[in-house]
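Dear colleague,

Please find below the structure that I am handing over to you. My findings follow after it.

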Amino acid sequence: MWATGYQGNKNVISARLKARRKRCKVTQQELAARMQVLGVNIDQRSISKIEHNDRAVTDFELACFCKALQCTEQDLLQDFYENLNE
């Protein structure tokens, strides 16, 4: 069976991504520009969808989000790992 979501969510980084972006004082548009420099074809609307859990995230996008926001994958996946242990 192919999983298309986790506990009704399209991705597991939405809240952490938004919090990290805001902590870095980066707009969705600025993040999209950073991602495009890294080779990810993504726009502000797609980032909004990710932050609102309306769009999935690829592994390449996850890695590039981390590079763009200077964090680790563990930082963005922390909620997932904490909920997994419950």
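What covers the buried residues of α1? The cover includes α2, α3, α4 and α5. Here a residue is called buried at under 20% relative accessible area and exposed at over 50%, with partly exposed in between (1.4 Å probe, protein chains only). Helices are DSSP runs of H or I with at least four residues, numbered from the N terminus.

Two remarks on the basis of these findings come first. This is a predicted model, in which local features need pLDDT of at least 70 and side-chain atom pairs count only at pLDDT 80 or more, while totals for chains, interfaces and linings use all residues. Residues are numbered from 1 along each chain as its sequence is written, and side-chain values use heavy atoms, with hydrogens and water left out.

Overall, the protein has 5 helices and 0 strands. Its C-alpha trace spans about 35 × 25 × 20 Å along the principal axes. Of the 86 residues, 33% are buried.

In α1, the buried residues are Ser 14, Leu 17, Arg 20 and Arg 21. Seen down the axis of α1, these fall within an arc of 140° (taken from the directions from the helix axis to the C-beta atoms), so they line one face of the helix. The face turned away from that buried side carries the exposed residues Lys 22 and Arg 23. Lys 25, which follows α1, has a positive phi near 55°.

Helix α2 covers residues 28-37, and Gln 28, Leu 31, Ala 32 and Met 35 are buried in it. They lie on the same side of α2 because they cover an arc of only 100° around the axis. Gln 29 and Val 37 are exposed on the face turned away from the buried side. The cover over the buried residues of α2 includes α1 (14-23), α3 (44-51) and α4 (59-69). Just after α2, Gly 39 takes a positive phi of about 95°.

Leaving aside neighbours within four places in sequence, Ile 42 is in contact (heavy atoms within 4.5 Å) with residues including Ala 32, Met 35, Ile 47 and Phe 65.

With kind regards

Note on methods:
Helices (H or I, at least four residues) and strands (E, at least two) are DSSP runs, numbered from the N terminus.
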